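Colleague: I want to learn how to read side-chain contacts in a model like this. Can we take them one at a time?

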Amino acid sequence: MTVIAIVTIIITAAAIVAIIANNNAVAKHCPASQGKTPWNSCAYPSVWSLGDGQPPEDLEKPVENPPLSILLIEKPLSGSISVGGDITFVAKVEAKDLLRKPTIKWFKGKWMDLASKTGKHLQLKESFDRFTKIHTFEMHIIKAKENYAGNYRCEVTYKDKFDSCSFDLEVKEASQSIDIRSAFKRSPILTHRLWYLVPREPKQEEVPEVDVWEILRNARPDEYERIAFMYGITDLRGLLRRLKKTKKEEKKSEAFAKKLEPAYQVDKGGKIRLVVDLADPTVELKWYKNGQEIRPNQKKHKGHCPQIITIMKLEDVKTTVNERIELECEVSEEGAQVKWLKNGVEVPTGVRSRFRTKCDGTKHILIIDDVMREDSGTYSLMATGGTTQAKVQIDLKPLVIIQDLSDMTVRLGQPLKLHCEISPGNVPGRWYRNGQLIQASERVTIIHRARNHRLEIESCTISDAGDYTFVPEGYTQKLCAKVHIIDPPKVHLDSLNFPDNTVTIVAGNKLRLEIPISGEPAPRVVWMKGERVILDTGSRVHAETFADHTSLTIDVTEREDTGNYKIVLQNEAGEDTATVKVKVVDIPDAPEAPTVTEVGGDWCSMTWNPPLYDGGSPILGYFIERKKKQSSRWMRLNFDLCKETTFEPKKMIEGVPYEVRVFAVNAIGVSKPSDPSRAFVPLAVTSEPTMLVVDDVTDTTVTMKWRPPDTIGAAGLDGYMVEYCIEGSMRLIRNTDVFFRTEQKMVANKELTEKTKYTITGLPTEGKIFVRVKAVNAAGESMPRTTQHSILVKEVVEPPKIRVPRHLKQTYIRRVGEAVNLVVPFLGKPRPKVSWLKEGQVVDPTQVSIRNTDCDSIFFIRKAERKHSGKYEMTVQVENHVDTAILDIQIVDLPGPPQAVRIDEVWGVNVALDWTPPKDSGNAPITGYTIQKADKKTMEWYTCVEHYHRTCITISDLVVGNEYFFRIYSENMCGLSESATVTKDSAVIVKEGLHLKIPEYNDYDFTEAPKFTQPLVNTSAIAGYNATLNCSVRANPRPKIMWMKNKIIIIDDPRYRMFSNQGVCTLEIRKPSPFDGGVYTCKAINDLGEAQVECKLEVKGQSSDYEVKAWLPLRQSECVRSFQVLHEH
């Protein structure tokens, strides 16, 4: 088992080594994996990534002939950051010639669009500066990761223009300390099948940082295992290998100032002296040989440190620079090892050092040649027995200025030489200009010879002017001089590249002319337009002067700014002038309001004048817009410029008021709109009237009628103009105007008539005329409609005919007190004579008012009474032709109370009542009775039954022990009678204990043969509309109903539907046609007999909707009402 375990461990270790080797190989080929675990490297990128970028071989390819930038004025530059850092890439586009914002895209590599990657680590921003007309686009990368490195690309697009720029981003790996605990923790062994599984990192608890390496270095080997498990290190083999490879750091001791040599050689029997110097002579010193301590009592080994003391102390020294000083000290022993220190630091005594040491027996001397101020300090000598020190102070020699610097004025380009002379001569110095140190260069020469110091500039420039200072080294004194560079002023217009020095700008834009100038001292600049000086304090137009240029700024250019601008430069070296011409171009003025010259049904014709000012550029054309008067939205009518000053808008809505306006266009832009035109309404005349026919002709008049035009339009119809002409005449007469035509036409109506019927009067008898009618609206007169043939003015006799309205063909019922107003139309020519009779007698004009017209007769009773009921006969006569009609008028009133109301019988809680109908039925059938009861104690009446049709009734559910009275109202179509009949006797409900003898009744035989209580009625139907035939039958037992058409039984015909409910039989004919007319029969059969009824059905062609709607409800309501009455009986 042990052997197997060992083999397993070896195989496991080999697998781990293979996995680590594989990971290392992957890490070598994947730069992103360095410093990370394999599972977070190339094969499995992080959740958020900017992409893989461009392959290295693509990055190394040089770009041949890069295209010139046409949009980008500033391109993003490559950069490098460390992991976790932030960086910003900026691209700028000038929008001077762009009408809208350009489109920009950021890519990583060749294809990855970064617009979809914005978020926590990537932000895209853009801004626009209205003054400089520059779009700024920025890409911010926040807390960069290693996989953000690569090649990026910025693409800018505007219409047909395109520009792009590539740049690189380098992400450097941050230095990280090695965590020994994570390095030697075992990770789960993954087979080739589980490479896609990423191990979940356990949640780490925050623990204080501990340097485990330091603990292991200081621990014994037998404690390694305990320390490893204490800090969670499981790979002990790797830990031991790492410790073995780690070199032991040699402990450095600071106790020895001078150590032993690595090896010494001496002859056998000779004497050897081993010497060391101690940094601190007070520490204890021990000598060892082969690891064994050498005791001081052994004679052949002398190991000791002599105690050397100083006999003569050092003395303080004070001198000046460039002198020689010697510091001397005497010690107690000859050849003693001492150390010279300056301010606690050992003094260097090399070959090239200014410090030299000298030993003469017990005397030790420190020599310093050509001392400087830096040599000041505290010098000390250290021996084993103690130290001695002295202070050295080096002062400067007094400075003597033999020749000072002098102020100079030099022309531009001439040499400049500054010279001064000081003592002592070996003192160096520095030259300054305006406080800045001057360094020697090809153009600037600095010379120091003995006491002379020179500064020479070969060809001076403007920047060489200023305050020059020479400062001797070590001294507070300084020499100063002012150098003034002068240059004649000059205006540099050639660099502007303006043709003929003319600047053209569009009105409303900001103009800023920057003219380069030169001159020293800075010249005084004056801008002038004509005789007017432009000041730098102006609000809209102002001038500014800078060191190298002057500018003229016009914030909002106007037409008045056009002209010549003069620049005058002056300084002490001379004067210069120049002239710049400014031309301000603008959009043209708005044209005047257009004029609408002609209007049609959906079009109009408009014209306008060109604008007074064309903006300094020729007019290219015009844009036309229109809108509805009530709206505020204008609509462009032409997208191509209109070159003319006339236009014809179309496709307008008739009857809607419109306005139009015009824009003028030149090379600069579009003018403001003109004032709207006066509102106009597109209108069209109507079409001609239709169906012009002769309605009536008399001996002197002709009545014409017609129908409205088919097309009226939005202008509506104001009326009609009727004209006629007598056959054979030669002039057309209309109102008072005279027109020569082929025939003489005269206006029949001087004022427009709105009716479609008109009577022309004053015509000659037996004359022949032509008539025409025109429709008139706001747009004018329509085309006339003329009769095809001439009309003979002669009256024609027409037999009279009375057209009785449908509701007067049956009994006309009205209540007492209501008004009766009947209109009965009739026909006949000439005007018929009308007479009315009642029961054969002439109608009394005091009772009935009758008024007759040419076509109807009006029958009127202001307040109807029952005596007005009866049958009235109307007679219409034309010469020997007569027509009559009979009208049945029934005036109804409330009925009287019932008669002989009595209590027939009382038993239990029931009372039987009977009565006789009232004497006065109100001239209408009695429709029912209302029975009420009242307790004798309270005499409060309560209704028991309403709308009861019989003359006997039994009242039940009365209270035992009470005594009741009863009363009954009669009811007809007008309502209840005004009074009720009360029973003379009362009905006493006997209490329990009394026995009532119940009479014996014989069973009534309800069987009977079929009998039709409501026959079928001859009916007229309209083709296409459903028709119904109704009748009611009474029989017991229930009869069998059969329907027949022309004596043929109707069976299973889908065009017919048969119903039978409570004795009411109905036959519905679905959408009949004229072929469905005929004789229909309804037959009822039971065991006791049979009965049948029949009617005629006439199917007419379709009529108007009004007649169908008026006829159907009337027939249906009559049938339903009759059925309800029959069922109640």
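Colleague: Is Ile-272 buried, partly exposed or exposed?

Modeller: First, a caution: this is a predicted model. Now the case. Ile-272 has 45% relative accessibility, so Ile-272 counts as partly exposed. Ile-272 is found in the loop between strand E10 (256-258) and strand E11 (277-278).

Colleague: On to charges. What is the general idea of a salt bridge?

Modeller: Side chains of opposite charge can pair when their charged atoms come close. In this structure, a search of the whole finds 41 salt bridges.

Colleague: What is the N to O distance between Asp-375 and Arg-354?

Modeller: The N to O distance is 2.7 Å, and the two side chains meet in a salt bridge. Asp-375 lies in the loop between strand E20 (363-368) and strand E21 (377-383). Arg-354 lies in the loop between strand E18 (345-346) and strand E19 (355-360). The two are 21 residues apart in sequence, so the pair ties together separate parts.

Colleague: How far apart are the closest N and O atoms of Arg-451 and Glu-421?

Modeller: They are 3.6 Å apart, and the residues form a salt bridge. This pair links distant parts of the chain, 30 residues apart. Arg-451 is in the loop between strand E28 (444-449) and strand E29 (452-457), while Glu-421 is in strand E25 (residues 416-423). Arg-451 counts as partly exposed at 38%. Glu-421 counts as buried at 15%.

Colleague: Where do Arg-1055 and Asp-1076 sit?

Modeller: Start with the contact. They form a salt bridge, with the closest N and O atoms 2.6 Å apart. Arg-1055 is in the loop between strand E79 (1048-1049) and strand E80 (1056-1061). Asp-1076 is in the loop between strand E81 (1064-1069) and strand E82 (1078-1086). The pair links distant parts of the chain, 21 residues apart. Arg-1055 is partly exposed at 34%, whereas Asp-1076 is buried at 5%.

Colleague: Which residues are linked with Arg-324 in a network of salt bridges?

Modeller: Glu-326, Arg-356 and Asp-369 are linked with Arg-324 in that network.

Colleague: Next, rings. How should I describe a pair?

Modeller: A pair of aromatic rings is described by the distance of the centres and the angle of the planes. Here, the search of the whole structure finds 14 aromatic pairs.

Colleague: What are the distance and angle for Phe-89 and Phe-167?

Modeller: The centres are 4.6 Å apart and the planes are at 35 degrees, so the pair is tilted. Phe-89 is in strand E3 (residues 87-94) and Phe-167 is in strand E9 (residues 161-172). They are 78 residues apart, and the pair links distant parts of the chain. Both Phe-89 and Phe-167 are buried. Phe-89 and Phe-167 also form one aromatic cluster with Trp-106 and Tyr-152.

Colleague: Which residues form the edge-to-face pair with 70 degrees between the planes?

Modeller: Trp-608 and Tyr-622, at 5.5 Å centre to centre. Trp-608 is in the loop between strand E41 (604-607) and strand E42 (621-628), and Tyr-622 is in strand E42. The partners are 14 residues apart. Trp-608 counts as buried at 3%, and Tyr-622 counts as buried at 4%.

Colleague: Rings can meet charges too. Over which ring does the charged end of Arg-636 sit?

Modeller: Over the ring of Phe-663, 5.9 Å from its centre. Lys-627 lies over the face of Trp-634, at 5.3 Å from the ring centre.

Technical notes. Residues are numbered from 1 along each chain as its sequence is written. This is a predicted model: local features need pLDDT of at least 70, side-chain atom pairs count only at pLDDT 80 or more; totals for chains, interfaces and linings use all residues. Side-chain values use heavy atoms; hydrogens and water are left out. A salt bridge is a side-chain nitrogen of Lys or Arg within 4 Å of a carboxyl oxygen of Asp or Glu. Helices (H or I, at least four residues) and strands (E, at least two) are DSSP runs, numbered from the N terminus. Buried means under 20% relative accessible area, exposed over 50%, partly exposed in between (1.4 Å probe, protein chains only). Rings of Phe, Tyr and Trp (its six-membered ring) pair if their centres lie within 6.5 Å; planes under 30 degrees apart count as stacked, over 60 as edge-to-face and the rest as tilted. A charge sits over a ring if NZ of Lys or CZ of Arg is within 6 Å of the ring centre and within 35 degrees of the ring normal.
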